[in-house]
Amino acid sequence: MMIVTRNLEQTYSSGGRPLTVLNSIELSIERESFTAIVGPSGSGKTTLLGLLAGLDRPSAGSVSIDGTDLTALTEDERARFRARNIGFVFQQFQLIPTLTALENVLVPLELAGEHGAHTRARAEELLARVGLADRSHHYPAQLSGGEQQRVALARAFANNPKLLFADEPTGNLDAETGQRIIEMIIGLNQEQHTTLVLVTHDAELAARAHRVVRLAGGRIVADTMNGTASTVAAAAGVLANSVNDATRESAR
Amino acid sequence: MNLRFAFRHALRESRSGWRRIGLYMSSITLGVAALVAINSFRSSLVGSVEQESRNLLGADLRLTSNRPFTEPVQAIIDSAAQQYELSTVTTLVSMASAPSTGEVRLIQLRATEGAYPFYGSVVTKPADAWARRSEGQTALVDPALLTHLNVGVGDSIQVGNIAFAIGGTLETAPGGFSFRSALGPRVYIDARHLDATGLLQFGSMNQRQAFFRIPDEKALQQFVDRRHDIFRQNLVDFDTAEEQGDNLAEMLDVLTRFLALVGLTALLLGGVGVASAVHVFMRDRRHTVAVLRCIGGTQRDVFLAYLLQAAMLGFAGAAAGALIGIGVQAALPAVLKDVLPFQVAFEPDIVAIAAGVGIGIWAASLFALLPLLEIRNITPLHAIRREFEPARRRFDAAQIAAFTALLISMVAISVWQAGQLLPGLAFAGALLGTLVLLWLTALLLIRATRRLLPRQAPYVVRQGISSLFRPQNQTIAVMLGLGFGVFLLSTMYVVQKNLLGWLNIENSATQPNLVAFDIQTDQVDGVRERITQNSGIPVELTPIVTARIARINGRTTAEIMSDTTARRVEPWALRREYRHTYRDSLTSSESVIAGKFFDGNPTAAQSPAEISVETDVAESLNVKLGDRITWDVGGIEIETRITSLRRVDWARFATNFFVVFPPGVLDRAPQTWVALARVDGDSTRGIVQRDLVAANPNVSVIDVAQVQRALEDIVGKVTLAVRFMALFSILAGIIVLIGAIATSRFQRLRESVLLKTIGATHAQITGILLVEYIALGLLAGLTGLLLASIAGWALTTFFFELQFVLPVLPLMGLWISVAGLAVVVGLVNSRDLLRRPPLAVLRESGE
């Protein structure tokens with residue numbers, strides 16, 4: 001198992017009142033799988049992604065990746081863990097505006113303490129893989145949205161991550177460009193044998209995943225293995241959860 | 001920690017954003033420039049003084065006496081002259097008149113005998129004038145005298161009974177700058193003409209100097225060591241070239257250190273600029289930081305990367321500052337040339353440069369440290385969360401440590417710069433206190449503005465004022481930065497104004513403006529008549545009798561000095577030559593605080609005679625009511641008893657005395673008279689002087705207005721240097737202002753676009769900006785002015801002990817100028833904001 005969560009819970013305080021964003025999430029994600037997390041706005045998708053990647057600490061429960069309990073690590077230890085094991089793709093691309101495309105790709109390698117000619121060669125190779133070999137010295141502002149996201153992809157794969165988190169990677173792109181990015185993510189995922197966890201609104205994109213985890217009101221309301229019988233089992237749980245949610249909503 | 005990453009990232013990031021980074025750097029540049037310039041200049045200056053000390057004195061040893069050398073001293077001089085080269089200079093304060101134009105002017109007549117100066121050269125025009133000054137009856141004069149008398153080289157001037165031909169003008173001469181020069185221009189003549197002038201027996205301000213050439217240091221030291229008791233007893237000052245050089249070096253050291261402290265304030269203001277720039281920079285970099293954290297950068301990696309960046313930019317700024325500083329150093333001798341008695345070589349000092357750059361980097365890093373600590377509040381979650389999460393504010397150990405380090409460093413730098421612990425601490429304390437006060441004042445003013453703004457004020461005004469309070473505003477930073485500059489400049493101005501105002505007798509219609517002295521008793525009536533004729537105002541004439549203390553309560557001065565058990569009597573008070581007067585009433589500047597003044601009750605027959613003593617000198621002499629003082633008046637001893645103590649307001653322009661005798665005791669003692677008169681109009685005063693001098697060649701007349709102008713000139717030159725350094729602080733304040741405007745650029749852009757979109761006209765938006773900048777400038781200026789008025793008042797009242805006058809109009813002018821400056825800087829930096837169409841901005845600012 002690549003990722004295992006136990007009774008994961010996240011509560012923020014909002015206006016003095018505790019606001020539970022995620023509630024008793026039990027999730028196991030297999031190595032080299034492709035999981036999509038879907039759900040309406042405010043359902044807790046991004047929070048879950050943040051917790052899975054160790055960007056934040058849960059209020060309760062635990063997350064372990066490859067046997068490492070993230071909740072037992074300090075903030076800096078988690079950062080080092082990410083540097084070695086995790087890649088990110090964001091909706092806003094999140095390239096560092098003051099660095100060139102090549103330098104953006106180099107950042108994770110350098111953060112991990114690598115340097116020298118082979119590091120640079122690796123970054124150039126990745127840029128070539130996403131079709132941007134000739135734009136490696138451009139700054140983000142000089143690139144189109146699709147190009148920026150491709151640089152972000154190259155950056156995400158730079159340190160051979162075991163895990164790739166993608167947060168609405170096509171959300172800021174037109175359909176055609178988004179499609180190409182998706183092909184690239186999936187292609188790279190298979191090539192590099194990474195485990196892919198993707199948050200999206202896009203049903204079409206979710207349909208390409210091996211497994212779809214649907215969130216609503218901070219709970220898992222559906223967990224579908226595309227093309228398997230477990231869909232049925234999950235559906236029953238969904239119903240129960242939905243009823244729970246509905247009663248809780250109306251109680252507020 | 002990953003140093004390599006931190007370094008690389010720092011390097012790469014610093015390539016961009018030159019606009020803001022340039023600003024950030026220039027904050028440091030100015031301070032470093034000021035420090036390097038003045039510190040490097042000091043080192044050249046002190047070096048030059050050491051090299052020039054002999055040339056400054058013109059000899060190895062100088063003996064100075066304010067009266068003819070006494071017999072024992074003359075004996076020493078005569079015997080030394082057998083062995084060493086001797087030259088003497090007699091200085092008399094006298095009048096010079098130009099027969100061709102009829103003008104008269106008080107001069108300092110210097111009669112030289114021998115090869116003075118032994119070292120250095122006297123530069124004259126024409127060049128050979130000094131060598132030829134003993135040919136015929138020739139005088140060399142300060143160029144200023146030619147202007148005063150309206151004559152030229154070759155014309156003749158009358159001094160006492162002799163007419164001299166002006167042989168040339170003096171460009172530089174040993175001795176150089178002194179406040180004495182304000183009294184009158186120098187005129188050099190050969191000593192053999194001195195007797196013939198007929199002035200020698202009168203001058204009460206005569207000075208005799210003997211110069212020796214004793215190149216062997218050991219011999220010189222021995223010579224001085226053996227005789228210094230005799231010199232002291234005979235009131236002879238002795239200076240060796242080395243000592244004189246050391247004293248001058250020390251004085252210049254203090255002066256330049258003071259200037260450097262003024263420069264240091266520019267660095268601290270720059271620090272405020274750095275802190276505010278970094279604060280904004282980090283807000284822009286939130287996302288970058290979050291992403292770096294997301295993809296595996298630890299807090300330390302990221303923090304270090306940005307700290308390194310701050311240090312590197314600090315280095316760049318400091319290096320630029322060092323270059324500018326060297327340039328300024330080259331210019332400083334020109335600024336200070338009139339107060340420096342010699343040429344200063346231009347030699348950049350490597351230690352000063354290195355120290356300046358080091359301090360620059362250190363300051364840049366430390367001031368950046370506090371805002372950089374905000375990095376810790378940026379969680380990686382910011383990269384995936386769109387919504388703005390206000391950073392968690394926490395004041396923790398790291399912040400306290402950073403703050404403490406900042407404080408300690410600044411105090412340490414102040415102490416280092418001041419060269420001494422206490423002045424350094426005092427400076428740091430004063431600076432900190434000022435900043436805190438400025439900050440409090442700024443806070444109060446802002447609150448008040450917000451409160452007092454009427455609700456029905458026009459929309460543009462309300463909107464403009466409310467801009468000062470927008471979130472993340474830098475209003476306080478600007479008020480501190482700009483306010484501090486204003487504070488420095490206006491405090492100096494206020495104090496200078498008050499000092500000069502005190503000197504400015506012209507302003508008061510009743511104050512005397514003409515002083516005639518060395519009047520002999522048989523000339524008194526004539527002088528009184530002449531002045532009264534011309535001015536129509538009665539003249540006050542005061543007799544002066546010189547005396548020295550022989551005994552106090554029966555003990556000789558030598559006994560008192562050697563008594564170590566009793567309370568110390570101050571030697572200056574015991575040994576000095578006193579000038580007494582006699583009268584039976586108090587003047588308006590005196591008041592009796594103990595005992596009873598001898599009123600209208602002549603006590604000629606009484607012995608001991610009653611005297612009234614000024615309180616300060618009584619304290620220095622350690623005497624009280626009833627104590628007896630025996631005076632030596634021209635060889636005759638006079639017994640006196642203290643029957644009253646007076647307080648004297650020395651700041652009043654009047655003839656004031658330490659000791660007043662009743663009439664009848666000193667009437668027949670050798671005496672001269674001083675006349676204080678009020679004569680209005682420059683030309684009438686000229687006529688009075690001419691008349692007086694024509695009839696009484698021995699009488700000297702000081703035109704107070706002229707002395708005052710000369711003093712003003714000197715004060716102006718000294719303060720010029722201070723102002724020059726304060727300029728750096730003003731510039732630093734402007735940079736803080738520019739920085740603050742750049743800071744809120746983005747918010748401003750959005751606001752103005754929003755306003756345009758919902759229908760605001762170009763004029764309205766300009767109006768809003770205008771109101772904001774005017775308000776900012778006025779508030780910042782007011783902050784500085786308020787404090788400066790208080791500081792100026794305190795300095796004038798308690799330090800200089802003068803009546804305080806607030807120069808309202810000039811300060812108002814300064815206030816308006818500062819507001820104008822804020823408007824200009826503000827509008828220039830916002831011009832593209834006005835020009836851009838809403839759509840382009842919206843597209844650009846959308847994330």
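Two residues count as in contact here if their C-beta atoms, placed from the backbone, lie within 7 Å. With that in mind, welcome to a few close-up views of this predicted model.

View 1. Helix α8 of chain B covers residues 286–294. Seven of its nine residues are buried, so α8(B) is largely enclosed by the rest of the structure. To find the buried ones, look for B:Thr288, B:Val289, B:Ala290, B:Val291, B:Leu292, B:Arg293 and B:Cys294. These buried residues pack against parts of both chains: α2 (75–85) and β6 (86–89) from chain A, and α9 (299–336) from chain B. After α8(B) comes B:Gly296, with a positive phi near 110 degrees.

**View 2. Where chain B touches chain A.** Here you can see the contact between the chains, to which chain B gives 28 residues and chain A gives 27 residues. On the side of chain B, the elements that supply two or more residues are α1 (3–13), α8 and α9. Sorted by class, this side of chain B holds ten charged, ten polar and eight nonpolar residues.

**View 3. Two helices of chain A side by side.** This view brings together helix α3 (residues 101–111) and helix α5 (residues 145–157) of chain A, whose axes come within 7 Å and cross at roughly 25 degrees. Because angles under 35 degrees count as roughly parallel, α3(A) is roughly parallel to α5(A). Their crossing is right-handed. From α3(A), the residues that take part are A:Ala101, A:Asn104, A:Val105, A:Val107 and A:Pro108, and they meet A:Val151, A:Ala154 and A:Arg155 of α5(A). Six residues of this contact are nonpolar, one is polar and one is charged.

**View 4. A:Ile29 and its neighbours.** A:Ile29 sits in strand β2 (residues 17–29) of chain A. This residue is buried, with 21 other C-beta atoms within 10 Å. Leaving aside residues up to four places away in sequence, A:Ile29 touches A:Met2, A:Ile3, A:Thr35, A:Thr195 and A:Val197. Take a look at A:Ile3 in particular: 26 residues separate A:Ile3 from A:Ile29 in sequence, while their C-alpha atoms are 4.9 Å apart in space.

**View 5. The domains of chain B.** Chain B is divided into domain 1 (1–57 + 248–419), domain 2 (61–213), domain 3 (435–510 + 704–847) and domain 4 (538–677). Between the C-alpha centres of domain 1 and domain 2 of chain B, the distance is 53 Å.

Notes:
Residues numbered from 1 in each chain as written. Chains lettered and ligands numbered in written order. Predicted model: local features only at pLDDT ≥ 70, side-chain atom pairs only at ≥ 80, totals over all residues. Axes fitted to C-alpha atoms, helices over the stretch in contact; angles between N-to-C directions. Helix = DSSP H or I, 4+ residues; strand = E, 2+ residues; numbered from the N terminus. Parallel < 35°, antiparallel > 145°, perpendicular 65-115°, else oblique. Left-handed = near helix turned anticlockwise from the far one by under 90°. Nonpolar A, V, L, I, M, F, W, Y, C, P; charged D, E, K, R; others polar. Buried ≥ 20, exposed ≤ 12 C-beta atoms within 10 Å, placed from the backbone. Domains from an automatic or database assignment.
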